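Please look through the sequence and the structure shown here, and then read the briefing that follows.

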Amino acid sequence: AVVSTQSTGKEREVDIVSGEEWVGNKSCAKVCAGTTGRNTTNWKDFSTDGVYTDVDISKCGFVKIPTITTALEGLNPGYHWRSTGPAAIYTATTHYFRIYIRNTYWNPQGGQAASTGWNVEWIAAGFTC
């Protein structure tokens with residue numbers, strides 16, 4: 001879909017060619033991005049050396065499950081670079097998704113993930129109508 005931007009007169013293109021559900025109206029294609037925040041991510045302990053969080057994407061206004069890309073960001077020495085799972089999306093809906101992180105080198109449980117600023121940075125592309 002080609003969308004005209006009123007303020008600059010320039011055009012920008014968002015074209016979603018496939019997704020978890022059938023492709024919607026191209027004029028309603030949207031890219032939405034955000035972060036759970038270094039000081040606001042609600043990490044919950046999982047298994048013996050992992051954590052998970054639910055990421056709210058409801059403000060994007062998607063009506064179909066979007067395609068989601070994620071990255072794990074944090075402060076030094078958070079050892080987030082040694083983690084597995086940052087790109088694995090679970091239970092994606094139009095309103096949220098879940099991400100599990102495991103780190104066998106440095107245990108993120110017991111508030112450690114939060115204390116080193118771990119957060120999920122994400123980009124979602126989907127349809128709003």
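Which residue of β9 does Thr-35 stand opposite? Thr-35 stands opposite Glu-121 in β9. The structure is a predicted model, in which local features need pLDDT of at least 70, side-chain atom pairs count only at pLDDT 80 or more, and totals for chains, interfaces and linings use all residues. Residues are numbered from 1 along each chain as its sequence is written, and side-chain values use heavy atoms, with hydrogens and water left out.

**The three-stranded sheet**

- Strands β3, β9 and β6 form an open sheet in the order β3-β9-β6, with antiparallel pairing; helices (H or I, at least four residues) and strands (E, at least two) are DSSP runs numbered from the N terminus.
- The edge strands are β3 (29-35) and β6 (67-73), each of which pairs on one side only, where two strands pair if DSSP finds at least two bridges between them.
- β3 and β9 run antiparallel and are joined by seven bridges.

**The four-stranded sheet**

- A further open sheet has four strands in the order β4-β5-β8-β7, and the pairing is antiparallel.
- β4 and β7 stand at the edges with a single partner strand each, so one side of each is left without a neighbour in the sheet.
- Strand β4 (residues 44-46) pairs with β5 in the antiparallel sense over three bridges, and among the bridge partners are Phe-46 with Gly-50 and Asp-45 with Val-51.
- β4 and β5 form a hairpin with three residues between them, and Ser-47 in the turn has a positive phi of about 55 degrees.
- On β8, the strand β5 finds an antiparallel partner over seven bridges, and here Asp-56 has Tyr-96 as its bridge partner in β8.
- Strand β5 (residues 50-56) is mostly covered, since five of its seven residues are buried, where buried means under 20% relative accessible area, exposed over 50%, and partly exposed in between (1.4 Å probe, protein chains only).

**Aromatic rings**

- The structure holds eight aromatic pairs; rings of Phe, Tyr and Trp (its six-membered ring) pair if their centres lie within 6.5 Å, and planes under 30 degrees apart count as stacked, over 60 as edge-to-face and the rest as tilted.
- The rings of Tyr-90 and Tyr-100 have centres 5.0 Å apart and planes at 85 degrees, so this pair is edge-to-face.
- The pair links distant parts of the chain, with Tyr-90 in strand β7 (residues 89-90) and Tyr-100 in strand β8 (residues 96-102), ten residues apart.
- Tyr-90 is partly exposed, with a relative accessible area of 41%, and Tyr-100 is partly exposed as well, at 22%.
- Ring pairs link Trp-43, Tyr-79, Tyr-105, Trp-106 and Trp-118 into a cluster.
- Arg-82 lies over the face of Tyr-105, at 3.5 Å from the ring centre; a charge sits over a ring if NZ of Lys or CZ of Arg is within 6 Å of the ring centre and within 35 degrees of the ring normal.

**The surroundings of Thr-116**

- Thr-116 is found in the loop between α1 (112-115) and β9 (119-127), and it counts as buried because its relative accessibility is 10%.
- A polar atom of the Thr-116 side chain lies 3.1 Å from the backbone oxygen of Gln-112, and the side chain of Thr-116 also reaches the backbone oxygen of Ala-113 at 3.4 Å.
- Leaving aside its neighbours within four places in sequence, Thr-116 is in contact (heavy atoms within 4.5 Å) with Gly-74, Leu-75, Pro-77, Gly-78 and Trp-106.

Notes
A polar contact is a pair of N or O atoms within 3.5 Å; within protein, one must be able to donate a hydrogen and the other to accept it, and residues adjacent in sequence count only if both atoms are side-chain atoms.
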